[in-house]
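Student: Can we walk through this structure together? I'd like to start with the ligand and then look at pockets.

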Amino acid sequence: MNAPANALSPVMLPETRRAHILKQLERKLLWLSAWMIHNANHIRPNRDGLKVGGHQASCASCISILAALYLDVARPQDRIAVKPHAGPVFHAMNYLFGRQTQEKLSQLRQFGGIQPYPSRVKDGAEVDFSTGSVGLGVAMTSFSALIADYTRLHGLGRTDLPQGRHIAIAGDAELDEGNIYEALLEGWKHDVRNVWWVVDYNRQSLDSVVPDRLFGRIEGLFRDMGWNCVTIKYGRKLQAAFARDGGEDLRSWIDDCPNSLYSALTFQGGAAWRAALLSDLGRSKARAIIDELTDDELGALMTNLGGHDIETLIETFRAADQEGDQPTCFIAYTIKGMGLPFAGHKDNHAGLMSKEQMEQFRQDMGIRPGHEWDLFEGLDVPEDEMRAFLDSVPFGQKLTPEGRLLSAPTIHVPAVLPTPKLAGRKMSTQAGFGELLAEIGRGQGEFKDLANHIMTTSPDVTVSTNLGPWVNRRGIFDRHTRNDVFRDAKLASAQRWGMSPKGQHVELGIAEQNLFLVLGAAGLAHAMTGARLLPIGTVYDPFVNRGLDALIYACYQDARFLLVSTPSGLTLAPEGGQHQSVNTPLIGMAADRLASFEPAYVDELAILLRHAFDLMQRPDGSAAWLRLSTRTLQQKQRTLDAAAVIAGAHWVVPPQPGARITLAYQGAIAPEAEEAFETLREEDPAAGLLAITSADRLHAGWLDAQRARRNGDRTARAHIETILAPLAPGSALVTILDGHPATHAWLGAVRGQRVVPLGPDHFGQGGDIPDLYRAYELDTDAVLDACAQALVET
Ligand SMILES: Cc1ncc(C[n+]2csc(CCOP(=O)(O)OP(=O)(O)O)c2C)c(N)n1
Ligand SMILES: [Mg+2]
């Protein structure tokens with residue numbers, strides 16, 4: 001395991017010298033992280049009076065963990081998620097490696113400076129995973145390990161690079177997040193390998209000290225999920241004390257000490273420790289251990305936890321490294337704020353050292369005023385030796401000459417997808433999607449490359465979202481080959497569920513957050529593994545909400561994927577209000593780096609699906625989202641303007657000069673709009689019918705054009721401005737979609753039309769389409785009523 005990388009061994013130094021150097025570097029990391037935050041809060045001018053903030057205690061808690069990993073155990077090919085509040089330690093580490101600048105460090109939390117929490121997009125190539133919404137970064141490492149296996153087993157990407165580990169340095173409160181356990185279950189099913197989670201077990205979260213006994217439970221959970229679980233509780237000093245006469249009494253005392261008392265004594269210091277210990281152990285032989293120490297020494301002994309003892313940490317990690325690739329959780333006992341004046345205080349999460357405390361800390365660290373940023377200031381190791389050491393650290397080596405951020409060539413997307421015969425057929429966009437993908441799945445001719453790079457995934461709705469035909473062609477991914485029992489027994493089934501390392505569908509359990517974490521990981525495969533994947537995830541539209549934070553998280557990292565949400569809206573009539581989505585079109589509009597579309601007909605879908613494959617790969621592109629439906633519509637024989645479909649709207653019937661009214665529809669309610677339009681035309685023969693394929697792209701384009709004009713580009717014009725240009729300001733515009741009407745309500749602001757927006761704004765309920773469309777004003781009569789209102793009210 002990891003054999004090639006082990007060739008990079010640190011410079012040969014006596015272990016005692018190595019340990020000394022490492023401890024000096026820990027001091028440096030503690031200083032720099034605290035100073036970075038102090039500088040942001042107390043030294044930099046503050047223009048708005050807002051507290052800048054930062055988490056000196058959270059940083060101090062995990063200094064040794066980061067030092068042990070980055071300065072000894074980790075290899076360049078490892079991918080590491082750092083708990084959000086340790087961002088400054090991570091950046092200080094890169095400063096040591098010469099991969100971060102002093103200027104950036106001094107701009108922590110400032111506009112253009114390094115972000116409070118590590119950000120892939122804003123902080124640069126050294127950040128493997130953004131973190132911030134706790135729990136997601138941790139779980140992400142499990143899915144990035146899965147994707148790394150996927151690309152390796154498919155022979156895609158940089159197969160020349162050694163296999164790495166996917167490591168999360170987690171805060172203990174992150175383990176309260178449910179998505180952690182969803183990820184554990186899913187990881188178990190996929191037999192995920194090469195994942196390490198190192199828990200900074202400081203027994204403190206934001207508000208307080210966490211309950212005792214909790215970790216007994218959590219440890220069991222990890223083991224049940226097939227993980228190895230290693231507790232790193234005590235450091236060397238304490239272990240040596242435990243080995244002495246009476247040492248077992250001391251160990252029992254600490255083991256039994258409630259988290260809150262331990263924290264309080266840590267904060268109070270040596271004298272308080274002595275009083276508490278003596279009141280319980282006054283008659284024990286342990287007294288000899290206690291009595292020979294000064295207060296400071298006693299305080300240092302009692303806080304000598306495993307997570308602060310770099311030698312213990314390194315020893316434990318190295319031992320686990322030898323064990324192989326089993327997922328491993330390390331529970332490293334720590335103290336929040338270790339080494340700082342508020343160590344152990346339950347309120348220290350957002351606590352900042354005062355100017356006086358910082359001044360004292362500076363003196364203790366041996367740092368001269370004006371030399372706060374100097375790399376080697378205050379260290380008792382000669383600069384040459386320190387540099388030689390840092391130069392020899394395995395993680396300090398470059399993964400590739402270009403660095404950590406890999407790249408992948410673009411996969412050719414043929415100009416037109418193999419569209420099924422549509423003329424005369426009734427078909428839904430969901431069925432059309434299934435057919436299109438199945439056709440691509442044949443992998444013939446110029447579609448071979450495209451088909452090989454598509455990876456699909458779905459949280460237990462593979463068949464019901466019409467991925468079945470694709471899966472039948474391309475198979476299910478599993479690290480192990482597993483037969484399809486039904487097929488082997490010759491039991492009739494439309495689905496072939498054989499699994500193998502060559503399969504291209506990742507079948508997930510029902511937890512939607514996992515879907516978006518997989519899409520996030522697969523959507524970064526080009527940067528992480530050098531393999532260009534075109535990941536497609538399907539889910540029922542209303543349950544996008546269930547995974548929403550993970551979806552936003554994936555977009556925040558600029559992951560590239562296609563989300564297909566289907567079925568959607570009230571049109572899913574008999575399924576009732578829990579399955580009928582109302583808010584998703586608005587999510588599509590408000591989500592950054594996610595271009596959302598809702599075609600009504602399969603010819604539009606074919607254009608948009610092709611566009612999505614292209615958009616996902618463009619450097620300035622994004623993820624894409626197609627909102628589809630199971631409602632079958634009579635397909636049209638027509639020629640479309642593909643650019644207009646992609647830009648978000650095309651005229652079905654262009655308006656004539658002097659038109660008093662325009663009808664605009666989006667998605668599966670197209671027939672109601674069309675029928676109403678026929679009647680409307682009798683009233684106003686000049687009226688126009690507009691098909692909206694993306695309210696999101698129209699709106700984004702409109703904002704962009706306005707911004708460009710404000711910045712002096714007078715010629716800038718948005719697609720929606722061009723589309724609405726033939727209409728007289730003040731003319732009527734009735735809009736309709738099977739989703740919240742605010743999706744279109746803004747259209748009136750583009751050129752001054754009077755908008756009457758239709759669409760459900762209340763929870764749905766069971767019914768059939770005629771009843772529901774009537775009740776929620778989506779039927780032809782409702783459209784005509786809205787038209788009448790739009791024409792009458794001025
Ligand atoms: C999803 C989410 N909820 C709430 C927060 C606000 N928050 C930030 S840190 C934190 C507590 C973190 O505690 P822990 O993970 O133990 O970190 P540490 O003690 O190491 O600082 C909370 C509640 C957040 N960042 N993300
Ligand atoms: Mg904590």
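This is a predicted model: local features need pLDDT of at least 70, side-chain atom pairs count only at pLDDT 80 or more; totals for chains, interfaces and linings use all residues.

Student: Which residues come nearest to ligand 1?

Tutor: Ser 58, Lys 83, His 85, Asp 172 and Lys 336, out of 18 around ligand 1. Being near takes a heavy atom within 4 Å.

Student: What does Asp 172 do with a polar side-chain atom there?

Tutor: That atom lies 2.5 Å from an oxygen atom of ligand 1. A polar contact is a pair of N or O atoms within 3.5 Å. Lys 336 also places a polar side-chain atom, 2.8 Å from a ligand 1 oxygen. Ala 173 uses a backbone N or O atom, at 3.0 Å.

Student: OK, new topic. How many residues line the largest pocket?

Tutor: 32, and Lys 237, Ala 300, Thr 303, Met 338 and Gly 339 lie nearest its centre. Here a pocket is an open set of points on a 1 Å grid over the protein atoms alone, where a 1.4 Å probe fits, with protein on both sides within 12 Å along at least five of seven lines; lining residues have an atom within 4 Å of a point.

Student: Which helix gives the most?

Tutor: α2, with four residues. A helix here is a DSSP run of H or I, at least four residues.

Conventions:
Residues are numbered from 1 along each chain as its sequence is written. Chains are lettered from A and ligands numbered from 1 in the order in which they are written. Side-chain values use heavy atoms; hydrogens and water are left out. A polar contact is a pair of N or O atoms within 3.5 Å; within protein, one must be able to donate a hydrogen and the other to accept it, and residues adjacent in sequence count only if both atoms are side-chain atoms. Helices (H or I, at least four residues) and strands (E, at least two) are DSSP runs, numbered from the N terminus.
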